[in-house]
Amino acid sequence: MQHVANLSGLRATHAQAAAIEVAGLSHVYGAREGTVPALEDISLTVGAGRFVVIVGPSGCGKTSLLMMMAGLRRQTSGTILCAGRPIEMPDPGRVGVVFQEASLFPWLTALDNIEFPLSIRHAPREERRRRADAMLNLVGLAGFGGRYPHELSGGMKQRVSIARGLVQDPPVLLMDEPFAALDEQTRMTMGHELLRIWSQTNKTVVFVTHSLTEAVYLADEVLVMSARPGRIIDRTEVTLPRPRTYEMMATDVFGRLREHIWQQIRKVT
Amino acid sequence: MRRSALILTRLALLATILAAWEWSPRMGLLNAALLPPLSDVLAMLVSILGRSQVQEAIGVTAGEVVLAFVIAMPIGAGIGVLAAESDYFGQIFRPMLFYAFSIPKSIFLPMFILVFGIGFQQKVAYAAFSTVFIVIMSAAAAVESVKADHVLVARSYGATWAQVLTRVYVPSMLPFLLETLRIAMIFNLTGVMIAEMYASRSGIGQLIASWGENFQMPQLFAAVVLLAVVAIAFNETVRWLEARCSTWRT
């Protein structure tokens, strides 16, 4: 326990600097008959190096919120700060994004997919290759660089996606249900792998998912969003120690945390 | 089946058809006046290729085909891309394009003759007209094949619109565009031939029509062989390129 307390103390000091600050964010869709409020008064702070998971019912706008953090969509009002500066357009140097399955370019090899963000900003060929190779090693795919996406399994494709998201070394990684299309076993393995990569790279991660088990297993903190209009209705600190192990899923603490989050979601759907 | 065995079987099939062409008229199974033996046709092909009249006709037809193609491709691709990319334009014009596509183009040929006469311009105009609709349809399908997710990924890495175009649209669409090129050429060649055979003073189509009317079957078949070889060669070249650019399409 002493060890655990030390670790969390370390994290707390580490978390003083905010990687992402969302303040008073609202979003309204223009529809044929009037407007539809999609997100309502969302404020949240993600400390640097933290792993924050957002869960919520389908259509609550969690993906929209993530896209706004990535600068891919503009909110109606409110601000998003990343490293103290507002996010108004995609800034791959500050924020990397990992999308749902099948977002790899099928006409590029795994290595070329990982190099894509670097080639967009015309990085020298040598640097591109060196960074992409390092990322391939990091995600455990050394030797698979020449494969095309259709020659890779679902889990391997998402490893490539993660490598692509990390290749520019952004401090923040946004992940939009990256493992939703994987089978249960692969999904567990990938979650575990993601934690390994996260602890090796010291990134701040914001992760959207439907799976409560995944949420508790991965997160430092779980945010629950309500159905439309999406609001943040609960914030749960996951007190399980790091590194997480599969055995923890069978513990009472894990079960209670999962149950608590489930009750919050049930209240609003 | 193993690849070598497959190729051998295909060659055997081709050889059988060619042998039947050679021997059935010679053995009296088919009327040699209607179907001259293959060897006679090939000999005639060599002979007519030497005639200046035929060489001129080939030049005229080739000119018509190339020009009609060069006109139809960019116009069709432009309209197709617009119809697929712009909701406004697409919603207005799409039904009209479908209607126009379904009408057989050959029924407009008399109109083209009235407007353009029976010269070079009429062949080019009619062939371009009969090709442009298939190009519009294929180009629209090519644009629609571009996945919104891929565009989003590129944008998230800070791609400019020019980069999205060259790094996402072009590679996504390339196999479809090559397919468009191939199918458009089939329509284009058909258009030129029909126009030449219907009313013309020059071109291979006109020669074929007149050889047919005068019952000069060896000449007629020689021209058929020539056109078939050219059409197949073009088609297969583009298909080969298509296969090379679309190994990722599964």
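In what order do the four strands of the open sheet in chain A run? The order is 2-1-4-5, with antiparallel pairing; two strands pair if DSSP finds at least two bridges between them. Welcome to a quick tour of this predicted model, in which local features need pLDDT of at least 70, side-chain atom pairs count only at pLDDT 80 or more, and totals for chains, interfaces and linings use all residues. Residues are numbered from 1 along each chain as its sequence is written, while chains are lettered from A and ligands numbered from 1 in the order in which they are written. Helices (H or I, at least four residues) and strands (E, at least two) are DSSP runs, numbered from the N terminus.

- Strand 2 (35-47) and strand 5 (85-86) of chain A are the edge strands, each pairing on one side only.
- Strand 1 (residues 18-30) of chain A runs antiparallel to strand 2 of chain A, and nine bridges join them.
- Within this pairing, Thr35(A) in strand 2 of chain A is the residue opposite Gly30(A).
- Helix 2 (residues 62-69) of chain A packs on the sheet, where it touches strand 1, strand 2 and strand 4 (77-82) of chain A. Here, residues are in contact if their C-beta atoms, placed from the backbone, lie within 7 Å.
- The direction of helix 2 of chain A makes about 60° with that of strand 2 of chain A. Axes are lines fitted to C-alpha atoms, for helices over the stretch in contact, and angles run from 0 to 180 degrees between N-to-C directions.

**Strand 9 of chain A and its partners**

- Strand 9 (residues 221-225) of chain A is largely enclosed by the rest of the structure, because four of its five residues are buried. A residue is buried if 20 or more other C-beta atoms lie within 10 Å of its own, exposed if 12 or fewer, and partly exposed in between, with C-beta atoms placed from the backbone.
- Four bridges link strand 9 of chain A to strand 3 (residues 51-55) of chain A in the parallel sense, and Val222(A) is the bridge partner of Val53(A).
- Strand 10 (residues 232-237) of chain A pairs with strand 9 of chain A in the antiparallel sense over five bridges, with Arg235(A) opposite Leu223(A).
- A hairpin through six residues joins strand 9 of chain A to strand 10 of chain A.

**Chain B as a whole**

- Chain B has 10 helices and zero strands.
- Its C-alpha trace spans about 70 × 55 × 30 Å along the principal axes.
- Of its 250 residues, 30% count as buried.
- Among contacts in chain B between residues at least 6 apart in sequence, 72% join residues at least 24 apart.

- Helix 6 (residues 120-144) of chain B has a kink of about 30°, centred on Val132(B). The bend at a residue is the angle between axes fitted to the seven residues ending there and the seven starting there.
- Ala154(B) lies in helix 7 of chain B and counts as buried, with 23 C-beta neighbours inside 10 Å.
- Leaving out residues up to four places away in sequence, Ala154(B) touches Ala159(B), Gln163(B), Val164(B), Arg167(B) and Val168(B).

**Where the chains meet**

- The contact takes 18 residues from chain A and 13 residues from chain B.
- On the side of chain B that touches chain A, helix 7 (148-156) and helix 8 (161-198) of chain B each give two or more residues, and helix 7 of chain B gives the most, with six.

Technical notes
Contact = placed C-beta atoms within 7 Å.
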